[in-house]
Structure formats: structure tokens, C-alpha cells
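The entries below are in the order in which I worked.

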Amino acid sequence: MGDDVSIKPYLLPAGGWGSMKSLVDITRREKSGKDTFAALSRQNKPEGVMCVSCAWGKPAHPHIAEFCENGAKATAWEMTTLRVTPDFFCEHTLTELRGWKDFDLEQAGRLTHPLKYDAATDRYVAVSWPEAFADIGGKLQGYDPKSVIFYASGRASLEASYMWALYARMYGSQNLPDSSNMCHETTSVGLKSAIGSPVATIHLTDYEHCDAIFYFGQNPGSNSPRFLHNLEACAKRGVEIIVFNPLKERGLERFLNPQNPIKMATNGSTQLATQYHQVKAGGDIAALMGILKWVIEADDDACVTDSEPVLDHGFIAEHTHGFEALAAAARATSIATIERESGLPWDDIVAAARVYAKAKAVIAVYGMGLTQHVRGVDNVHMLVNLLLLRGNIGKPGAGPGPVRGHSNVQGQRTVGITEKPELVPLDALAKQFNFEPPRALGWDTVAACEAVLDGRASAFIGLGGNFVRAIPDHGRMEPAWGGLDLTVHVATKLNRSHLVPGKTCYLFPCLGRIETDMQASGPQTVTMEDSFSQIYGSKGKATPASPQLLSEPMIIAELAKATLLSNPKVNWDGWSADYGQVRDAIETTYPELFKDFNKRLFVPGGFWKGNPASHREWQTESGRAEFNVPGALNATGFDDAEGRFRLMTLRSNDQFNTTIYGYHDRFRGVKGTRDIVFMNKDDMTVAGIANGQSVSLVGDSGSNADRRVDGLRVVEYEIPRGCVGAYYPECNLLIPLDHHAIESHVPAAKSVPVRIVA
Ligand SMILES: Nc1nc2c(c(=O)[nH]1)N[C@H]1C(S)=C(S)[C@@H](COP(=O)(O)OP(=O)(O)OC[C@H]3O[C@@H](n4cnc5c(=O)[nH]c(N)nc54)[C@H](O)[C@@H]3O)O[C@H]1N2
Ligand SMILES: Nc1nc2c(c(=O)[nH]1)N[C@H]1C(S)=C(S)[C@@H](COP(=O)(O)OP(=O)(O)OC[C@H]3O[C@@H](n4cnc5c(=O)[nH]c(N)nc54)[C@H](O)[C@@H]3O)O[C@H]1N2
Ligand SMILES: [Mo]
């Protein structure tokens, strides 16, 4: 852990001197090379390199430094000068390494050589690439393709992702779970069923035209810091920013722009949120129902008194379906029920509703605080319901704005990474490549885990990520992993997933996006899609961490060649030598989305994929935007009970998913530890627990009673009663695999039933 533990409230705004200081610390901590500052200066700019951290938009007119503190961390992390060579494994067995923390594993440095697990010595040993590919190809030929899992984490480029999905399907598997299955799949399902488009309908520039932002369950200060610039500009224009979050996140309260010298000198931060509502975890459906109730009843009154209507009746009549049922549900819900289920006083809900009723253009922003719940899809539907009431979709400055996570997670779906056959143009692929793709539903993340548990899965191949650590239920999942016949990981750094080998196990090191990708036709460009459906090229220019590294497209091409019968329609060698040819293939499969793909790589601000709902074309079953009545007001999927808490598993400011950069959560005032649990003062009093006391969190539902995490230090915190917060991934073992969003199967990581044991 290194640092001393200290916990005290953080009084400074997000950004500011804290983030500048952090930048210097980061390069020192990561021991990153001298190229790091050169890479940062090119970050998120046309012809530059697109940040490997979040999926926030890259403006057409970037700042001089178009990167944030956490983007810099991600860059420095990838550019570390430390190396994990085969010698590292002479010194450390996997058994020993399983005792290491996530932080220490990744801190060891970049992987340099292809490795194979040697069970006799319990170590990874170097292997040659050709030998490894041949062995894997041969093994795959012996399995039922429907028993093989092809996981992808949302960082891989459009080119690699397209090749990955095609490889899996040509082999005969539709088991293509990806990180989105743990993340915004709830959005893909919820927005699709409500408005016919599975992604944000807004552009980055819509933030210049909105007059209110309704902001739910997303933490920009840590997870999408460049968004703070847009929020700051909104705040200065007088835009109302209405936040719903159980925690007071500093990034939503105040921002000090580190790129503004005058403000830095005077410490003059900008206040962001105009209202801050600390809703209970899982209380958003109820809060939104409250707003809907007030707005609809205000409109009922206006109708009686013949004054100006509050709802956009023209829009509702022309564009929507299901209004009456929703309005009836809202009118029938009592104020007392809304207060109880949301944890918010009615006056607060009315204050928010008044802003909504007056605003001309509203953006609804959200993240994991809405998607990672049993009723996550209801959360998304409620947000859409709110927008539809006043025609806030498909006009400037208005619409849903989910903030995506991984830098290309949205793009992976666009080019075919999905277990759902209906989301892929299978006929087009069949024709283009002359093969018969699988047509049945494949495994998503939860289904893949179930298959590993009950022995139906024979192999797991992971294109990036840290699957075994990112999923729930570690106590059951980790031991099950050894039952797989084959595991293969493509990665840049060592992580926990690599330490639970199948009977045969390979670990392949690959180039990172920041590095020069030199192939037979010259240096390559890769592409990605951001949260606003803008697509950009990215050119790495840093020196690769090791001469042995292969690019992801090259690794996929070699695996495909070793696994599949040769097919004259797919020139894997041509593709890995020249990614432009992959983009041509993508354009053939998706002619409308990717027209002139190769010519548009460096359009400033990217080129837009298009979105039917953004011009009010609703590709739903009814052909209209759907109002949806939620199945319940409590999104948690479980009942409250004496002594039961709703656990939110959170990211700190010093991590990227399972990558732990350090032990500081600056904005929340935690320094030197991740073993904490945030708890409300009154709950502590009732339970007789003192600040700083060590406690255990124990699962508290039928199926998770034997799951526990010990040694957590209680931190008294401004958090609603009945809710506690702790860090992901350390607390993932408390989440039962079957505790997931009903329709999207996203693990319900933001409300896990637990008890606190002193
Ligand atoms: N630096 C950094 N950047 C990242 C990541 C990272 O780990 N580190 N991860 C990337 C990825 S893959 C993703 S998906 C995104 C994640 O970014 P976010 O969507 O911000 O995800 P979280 O940090 O998990 O938590 C979201 C917020 O939801 C709130 N919350 C929890 N439960 C509820 C609830 O019931 N209702 C409401 N209204 N709010 C709730 C929490 O208090 C927290 O502020 O960030 C991406 N960017
Ligand atoms: N309890 C709980 N669980 C969660 C969440 C939560 O909020 N709470 N969030 C969920 C979410 S939103 C997500 S997206 C998932 C994240 O799940 P994943 O995407 O699977 O995990 P990451 O931690 O992003 O993966 C980190 C690893 O990626 C590898 N890597 C980094 N760069 C590259 C690259 O360029 N190429 C390759 N091949 N590998 C690379 C490195 O080896 C690194 O160790 O976790 C989910 N799990
Ligand atoms: Mo994510």
C-alpha cells in the first residue's frame, strides 16, 4: 500500500491544482518514458492518438492540452518503462502472484513475450508465436464451437473488433460477450426498446444549446473529466444542472479548469450543479416518477384553467405511444410512496420538476448509477419518459446522453461484437465472406459465466480486459476457471485473469494504441467510436514496449489462419498488413454507416455514424417513441429489511476499472487505502459502529449469504441512510452472478444486498 492512510473531506474543486500535481506524480509513479509528454500533446486531436481511457467526445477544435488527469494516467500507465519479461516468472509462480494485489500486478510493467503456462512448475514460460498459434488452432478445431467464449473488452479498435467477431462467427461461435455486458448493455436494451436507437441521440455540440441537464449516476470528475469543460461552459451560460446521485461527487459540484491560468491563480472555481439530490441507491425510478407526476398534474391543471400547457401535446400525439398508461401510473402514485422509495423530500422533487417544466431543451445524462441495477432498464425508460413529455428528443440541445465507458465500447457493437444475432447483418456477412454464420443467440457475460460454472464451456479467449476480475461472484468464478480446457488472453499488462489458467493457457502481449503499429504496408491507423457516435482515426507514435509485441489485428489474423479452413474471400494476411483493407471490408458490410471510411479517418471531430432517433425516426415496433410504465419503483430488485444495506460498488479517482493506479480517492478524501466502506452517520449510531472501525460486509440475500469481505474500515460519509459504498473490484465477490438487470443481464453492481458485521 505504501502510503499512510488518511481520510478527511476534500475541500477543493475538481480539476485545479490537485489534478496538475497529480499529473507530475503520475509520470513518476508509472515510471513512464520520455515519450509520454509527446504522446499527451497529441492526445484526442485530429491526426493524433485517441485516449485509451474514456469514450468522451473529441472536439473538432481541441484545447492545446485536450487530455485530462485520468487520460494522462492511462497514457503514463501504458508507457511505463517497467517490463514483465519471462525472467519475472522465473521468480514468481502463479500461486504466489495470486496473493498480489491488482495494483502490484499491473505495476510490474508491460508484458514483453508470448507466454504459455507450465503446470509442472506453476509458471509462465516463453513460447514462440507460431508454436502458440498452431497449438491453439489445433485445439479449437477439436471443440464444439458453441462451447468457446470470445470475450472482448471495449478498448480494441473497430478494425480489431470487426476481425474478432468475424473470426468467432466463421469458427461457428456467437459467444461474443464484451465489457458492455457489464456496463451500458442496459442502455442498448432500454434506449432501443424506447426510441429505436441504442445510443445517445445527442452530439457534443448539443451541450451548447441545452438549457437544463438532468444528471443521473455518473461521476465526471473521475471517469470522464474532459466533460467538465462542457459542464463548466453550460454553468456559465446559466444552464440548470440538476444532479441525482447518492454521493456528493466533487466533479458535479465545483470545477476549477486547470487550463485557465487566471482561475488557477485565484482558485476561482465554477459551481456546476444548481440542484443536488442525494437519491437512495436504486431510488431513481421513484424520483423520476415524482417529477413525471408533478409535470403531468401541472399540465392537467393548465388544461382545466385553460392556461399554457406544460406537456408538448403535439409531439406526444405525433411521435409517441403509451402516454395514457404512463400518465395514469404517475397520477396514481402517491407522494408518500415517492418520498419513501426515492429517499427524497417531495419539495426537492418539485424543485427539479419546475426546472424541467420550464426548460426548452433538456439533456439527460447518466452512467453506471442507472444501468447497474436489477431494474436498470426501467431506469433508462423513466429517463426517456421524462424527455418525451416535452419533446426533448430529436431537437437541438436535447436528448438522452449516456456516458459510455471504454474508449471504443460503443464501436464494438457497431461492427458486430454481440451475442445477439438480430443486431448483426448476418446475411450480408454470409454473402461477403461465403460462409454460414451461427444464427442462434450466443452467450453474454452472465451466460458465459454460467457455462464456465457448469462445465459447458471448453475455452475462453479474451481480447483485452480482465474478465475474471470484472465479473461478479469471484468466490465461485475463480475456482471454476481451472475447469476450462483452454484459456488465452491478449493483454498489455499482467492481471488477475491471467493467474487462473485453464488446462492449457496462453498469455499474449500486444501493442497498445499509443505505440507505433508498423506493418508490411507501413505505419497503421486504427479507429474508434465515441459516446456521440463520432468515428476517428488514431495513430500511435511511441516506441513499442518490446520488439516481440504483435498488434491485435495481427494476433487475430494469425489465430484465424490457424483455426479456420482457408477461405479465398478473407485475406487475413492482407488485412493484418494493411488495416485500410479491413476498413474496406467494414464499409462493404455496413455501407451506410461507413461510407468512404478510409477517406474520412481524420475529419476534425470525427465523422458521424448517424442516429435515426436524432431526427425523430423511431425504429421501434410501433414506429413511435414508447412511453414505458416501470415494473416497480424500487430498482434494486430486493426488499428492504432490518439490518440490510444497499451496497454500491464504486470506482475511485485512482483506477481505470480493474486497473488500480494507486490508493488515493482524492475527491472523496480517501488516501492510502481501498479497504473502506462509506456509511451514513445515523446508520453507524444505530449499529453502534465508530468511524474508522473495521467491519465485514456479508451478503444478505438467499443466494449470497456465504459471501463476505473482511477488514473494511468504516468511513463516515454523506450518503443516504440504508446505503453503503465500497470499491470495485474488491467487493465483486459479494455480488451473486444471478443478481443482474432483468432484461440486459448487466450485473447489479450498484445495489447489492449486504449486512454489516462489526
Ligand atoms: N478514470 C477512469 N475513467 C473511467 C473508468 C474508470 O474506472 N476510471 N471506467 C470507464 C468505464 S468502463 C465506465 S463504464 C465509466 C463509468 O463511469 P460512471 O458511470 O461514472 O461509473 P461509476 O464510477 O461506477 O459510478 C457512477 C456514479 O453513480 C452513482 N450511483 C451509484 N448508485 C446510484 C443510483 O442508484 N442512482 C444514482 N442516481 N446514482 C448512483 C455513484 O455515486 C457514482 O457517482 O467510466 C469510464 N471512464
Ligand atoms: N462491481 C462492479 N463490477 C464492475 C463494474 C462496477 O462498476 N462495479 N463495472 C463494470 C464495467 S462498466 C466494465 S466496462 C467492466 C470492465 O471490464 P474489462 O474491460 O474486462 O476490464 P479492464 O479493467 O478495463 O481491463 C484491464 C486490462 O486490460 C488490458 N489492456 C489494457 N489495454 C489493452 C490493449 O490495448 N489491448 C489489450 N488486448 N489489452 C489491454 C490490461 O492487461 C489490463 O489489465 O467491469 C465491470 N465490473
Ligand atoms: Mo464500462
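This is a predicted model: local features need pLDDT of at least 70, side-chain atom pairs count only at pLDDT 80 or more; totals for chains, interfaces and linings use all residues.

Entry 1: Which residues come nearest to ligand 1? I found 30 residues around ligand 1, and the nearest are Asn-245, Glu-249, Asp-284, Gln-655 and Asn-657. I then sorted the shell around ligand 1 by residue type and got 11 nonpolar, 15 polar and 4 charged residues.

**Entry 2: ligand 1, polar contacts.** Asp-284 has a side-chain N or O atom 2.6 Å from a nitrogen atom of ligand 1. On the oxygen side, I list Arg-651, with a polar side-chain atom 2.8 Å from an oxygen atom of ligand 1. Lys-750 likewise places a polar side-chain atom 2.8 Å from an oxygen atom of ligand 1. How much of ligand 1 does the protein bury? Taken alone, ligand 1 exposes 920 Å², and the protein buries 99% of that.

**Entry 3: ligand 1, elements and domains.** I traced the shell back to secondary structure. Two or more residues of the shell around ligand 1 come from each of helix H10 (220-223), helix H19 (368-371), strand S25 (645-650) and strand S26 (655-656). By domain, I find at least three residues of this shell in each of domain 2 (185-405) and domain 3 (645-757).

**Entry 4: ligand 2, neighbours.** I repeated the search for ligand 2. It is surrounded by 34 residues, with Glu-106, Tyr-151, Glu-552, Thr-658 and Asn-732 the closest. I count the shell around ligand 2 as 14 nonpolar, 14 polar and 6 charged residues.

**Entry 5: ligand 2, polar contacts.** A polar backbone atom of Ala-470 is 2.8 Å from a nitrogen atom of ligand 2. Arg-651, which I had already listed for ligand 1, also has a polar side-chain atom 3.0 Å from an oxygen atom of ligand 2. The side chain of Thr-658 has an N or O atom 2.5 Å from an oxygen atom of ligand 2. For the area, I have 930 Å² exposed by ligand 2 taken alone, of which the protein buries 97%.

**Entry 6: ligand 2, elements and domains.** Which elements give two or more residues to the shell around ligand 2? I find helix H24 (467-470) and strand S17 (486-491). The shell draws at least three residues from each of domain 1 (132-178 + 408-604) and domain 3 (645-757).

**Entry 7: largest pocket.** I looked up the largest pocket next and took its volume as about 900 Å³. Its lining has 27 residues, and those closest to its centre are Lys-192, Pro-198, Leu-423, Leu-593 and Lys-609. Helix H9 (185-195) and helix H21 (409-414) are the elements that give two or more residues to the lining. H9 gives the most, with 4 residues. By type, I have 10 nonpolar, 9 polar and 8 charged residues in the lining. Domain 1 (132-178 + 408-604) and domain 2 (185-405) each give at least three residues to the lining.

**Entry 8: backbone.** I checked two places. Tyr-728 and Pro-729 are joined by a cis peptide bond, with omega about 5 degrees. I place Pro-729 in the loop between strand S33 (723-727) and strand S34 (752-757). Glu-47 is not a glycine, yet I read a positive phi of about 70 degrees for it. Glu-47 is in the loop between helix H2 (35-42) and helix H3 (69-78).

Terms used: Residues are numbered from 1 along each chain as its sequence is written. Chains are lettered from A and ligands numbered from 1 in the order in which they are written. Side-chain values use heavy atoms; hydrogens and water are left out. On a 1 Å grid over the protein atoms alone, a cavity is a set of points where a 1.4 Å probe fits but cannot get out, and a pocket is an open set with protein on both sides within 12 Å along at least five of seven lines; lining residues have an atom within 4 Å of a point. Grid points are joined across faces, edges and corners, and a volume is the space filled by probe spheres set on the points. Ala, Val, Leu, Ile, Met, Phe, Trp, Tyr, Cys and Pro count as nonpolar, Asp, Glu, Lys and Arg as charged, and the others, Gly among them, as polar. Domain bounds come from an automatic or database domain assignment. A residue is near a molecule or strand if one of its heavy atoms lies within 4 Å of it. A polar contact is a pair of N or O atoms within 3.5 Å; within protein, one must be able to donate a hydrogen and the other to accept it, and residues adjacent in sequence count only if both atoms are side-chain atoms. Accessible areas come from the Shrake-Rupley method with a 1.4 Å probe; for residues, only the protein chains shown count as cover.
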